[in-house]
Amino acid sequence: MNQDNSIWYFENVDLYDLLCPHKVPAMHEKHTFHHYKKDEFIYFEDEQDMVELVRLVLGREGYSVEGAFEGRAGLVSVRENLPDIVLLDLMMPDMDGWEIFREIKKDELTENVPVIVITAKAQSVDKVLGVEIAQVDDYISKPFSPSELI
């Protein structure tokens, strides 16, 4: 993260290329470059208290957090507001969190919005499924410390 609270990343770059100091990702057709100003979040969470806690923690850092308490309404909000980051609880009342994730990623308008899963599904297999298989941008298990969000 840069000092101006922005995130720069390359899509379709091997992890090895990024971790090796002698290698710098080349800017050519196979790479898509994205820049997100990290100011606005939409948090899919059915518990109002959790949304308020995350809003308080991230608000102190200058970010705004909109709560999405139902999957379908949250998807509409993501499409209309194009947030910089989506925070996603996997256990939602009207839609499964993975279904929400798939809807975000299949929509051309929202496919590049980073998604961070925040869930009580804390088993290592769940995290592997999320990060390695589904390719979410990050996976945070509840309970978590405020520093994990920042």
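**View 1. Strands β3 and β4 are joined side by side in parallel.** Strand β3 (residues 40-44) is linked to β4 by five bridges, and the two strands run parallel. Helices (H or I, at least four residues) and strands (E, at least two) are DSSP runs, numbered from the N terminus; two strands pair if DSSP finds at least two bridges between them. Phe 41 has Val 65 as its bridge partner in β4. The model shown is predicted: local features need pLDDT of at least 70 and side-chain atom pairs count only at pLDDT 80 or more, whereas totals for chains, interfaces and linings use all residues. Residues are numbered from 1 along each chain as its sequence is written, and side-chain values use heavy atoms, with hydrogens and water left out.

**View 2. The open sheet has five strands.** The strand order is β4-β3-β5-β6-β7, with parallel pairing. Because β4 (64-68) and β7 (138-141) stand at the edges with a single partner strand each, one side of each has no neighbour in the sheet. On average, neighbouring strands of this sheet are turned by 20 degrees against each other, direction ignored. Helix α2 (residues 48-59) lies across β3, β4 and β5 (85-88), and runs at about 170 degrees to β4. Axes are lines fitted to C-alpha atoms, for helices over the stretch in contact, and angles run from 0 to 180 degrees between N-to-C directions. Contact means heavy atoms within 4.5 Å.

View 3. In α3 (residues 71-81), the buried residues are Gly 71, Gly 74, Leu 75, Ser 77 and Val 78. The arc is that of the directions from the helix axis to the C-beta atoms. Buried means under 20% relative accessible area, exposed over 50%, and partly exposed in between (1.4 Å probe, protein chains only). The cover over the buried residues of α3 includes β3, β4, β5 and α4. Just after α3, Leu 82 adopts a positive phi of about 40 degrees.

**View 4. Helix α4 has a buried side and exposed residues on the face turned away.** Gly 97, Trp 98, Ile 100, Phe 101 and Ile 104 are buried in α4. These residues cover an arc of only 155 degrees around the axis and therefore lie on the same side of α4. Arg 102 and Lys 106 are exposed on the face turned away from the buried side. At the start of α4, a side-chain oxygen of Asp 96 comes to within 3.0 Å of the backbone nitrogen of Trp 98.

**View 5. Thr 110 is a buried loop residue.** Thr 110 lies between α4 (97-106) and β6 (115-119), and its relative accessible area is 1%. Apart from neighbours within four places in sequence, Thr 110 is in contact with Val 78, Arg 79, Leu 82, Glu 103 and Ile 104.

**View 6. Asp 137 is a partly exposed loop residue.** Asp 137 is placed between α5 (124-133) and β7, and has a relative accessible area of 42%. The C-alpha atoms of Asp 137 and Val 115 are 5.5 Å apart, although 22 residues separate the two along the chain. Leaving aside neighbours within four places in sequence, Asp 137 is in contact with Lys 105, Val 113, Pro 114 and Val 115.

Conventions. A polar contact is a pair of N or O atoms within 3.5 Å; within protein, one must be able to donate a hydrogen and the other to accept it, and residues adjacent in sequence count only if both atoms are side-chain atoms.
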